[in-house]
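Here are a few notes to go with the model you sent over. Have it open while you read, and take the points one at a time.

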Amino acid sequence: MAEFKATFASLIIGATSALTVLAGGAIDAQAAEVNLYSYRQPFLMNPLLDAFTKDSGITVNMVYLESGMLERLKAEGDNSPADLVLTSDIGNIYNLVEANLLQPTRSSVLERNVPAQFRHPDGLWYGLTTRARVIFAHKERVKPAEVTTYEDLAKPYMKGRVCSRSGKHVYNVSLLAWMIAAKGEAAAEAWAKGVKDNLARKPQGNDRAQVKAVYQGECDVAIGNTYYMGKMMANEKEPEQQDWAASVNLIFPNQKDSGTHVNISGAGVTKSARNKDSAIKLIEFLSGDAAQKIYAEDNFEYPVKAGVKLHPIVAGWGEFKADETFLFKIGEHRTQATRMLDRVHFND
Ligand code: FE
């Protein structure tokens, strides 16, 4: 049984200290609230949720979870207090979909604000921010035209030059699932095997640790999510991360063919939701211009809604061509991707 680091009591936001259960499921407008389980961190969510409460009068009770959301929702079943979940990566969202923990919703606001590529066709979940999974390449040791595609990472001249976090991490499983969806199973497996053969060391650490390894000369290239580059560049608490960031170029792969793989953070209404209308209102708010701007500024992500201004650091990476495979299609290839990673012994 998983242990949960967060408790409702310690992390509740707003004045409500207990859930209001009303007879017959009726909701008193005075007591409108929404209960949120979030993998997204309080520093990012608190300003957004405060703005929502100010705007709507709806109280938000957020439980921040570092892990165990799936297990917790499964264990709570119909009695779960959660109305809404916020999580990142299609992989985490798909685990909830496959466990039948989300319910379909419809909203013309969300259909307008969130491009179809980044939401479930039946409204089981909606993307709220996007991030590209890019290549970080050492500024001197990697020549300008040497690495321009994901496929280049699997080529013989990259032998011993690639660093990676665990192949089984949700970000990498989604990348491989995307490759299966976009380029076919055989091409994806050859790629996974080629990258494995080129690894400089056993997969370890997080996205930022790979850039650190490039900086330290253990390898020349790594794969990572764009916002980590922003977090390193702007890191005043650990200024050495600015040096890691400064040692690499951020390359958007596959600009001449498919485009770069883009993933999301997103939200979905739980099957057990007692405050469904308030939950939808909160997702709608998060997809709107004001909230999208805060997301973009505070976490170096891309807004999902068109026309919202980027953080200057993010804008500095330039425009890029994103692959257009629908995220729910990528989600469907995750199991296949996981098996493939075992077959090529990626983590061994
Ligand atoms: Fe992340």
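Predicted model: local features only at pLDDT ≥ 70, side-chain atom pairs only at ≥ 80, totals over all residues.

**Notes on the disulfide and the overall fold**

1. If the term is new to you, a disulfide is a covalent bond between the sulfur atoms of two cysteines.

2. Which cysteines form it? The partners are cysteine 163 and cysteine 219, and their sulfur atoms sit 2.1 Å apart. The link is left-handed, with -105 degrees about the S-S bond.

3. This pair ties together distant parts of the chain, 56 residues apart. Cysteine 163 belongs to strand β5 (residues 162-163), while cysteine 219 lies in the loop between α8 (207-215) and β6 (221-225).

4. Are these two cysteines buried or exposed? Both cysteine 163 and cysteine 219 are buried. As for the protein chain as a whole, 55% of its 348 residues count as buried.

5. Now zoom out. The protein chain has 15 helices and nine strands. Its C-alpha trace spans about 65 × 40 × 40 Å along the principal axes. The radius of gyration is 21 Å, which agrees with a compact globule, because one of 348 residues would come out near 20 Å.

6. Look at who touches whom, too: among contacts with a separation of 6 or more, 79% are between residues 24 or more positions apart.

7. The chain carries 40 positive and 41 negative charges, and their mean positions are 3 Å apart.

Technical notes:
Residues numbered from 1 in each chain as written. Heavy atoms only, no water. Helix = DSSP H or I, 4+ residues; strand = E, 2+ residues; numbered from the N terminus. Rg over C-alpha atoms; globule rule 2.2 N^0.38 Å. Buried < 20%, exposed > 50% of the residue type's maximum accessible area, 1.4 Å probe, protein only. Contact = heavy atoms within 4.5 Å. Lys, Arg positive; Asp, Glu negative; His and termini not counted. Charge placed at Lys NZ, Arg CZ, Asp CG, Glu CD. Disulfide = S-S within 2.5 Å.
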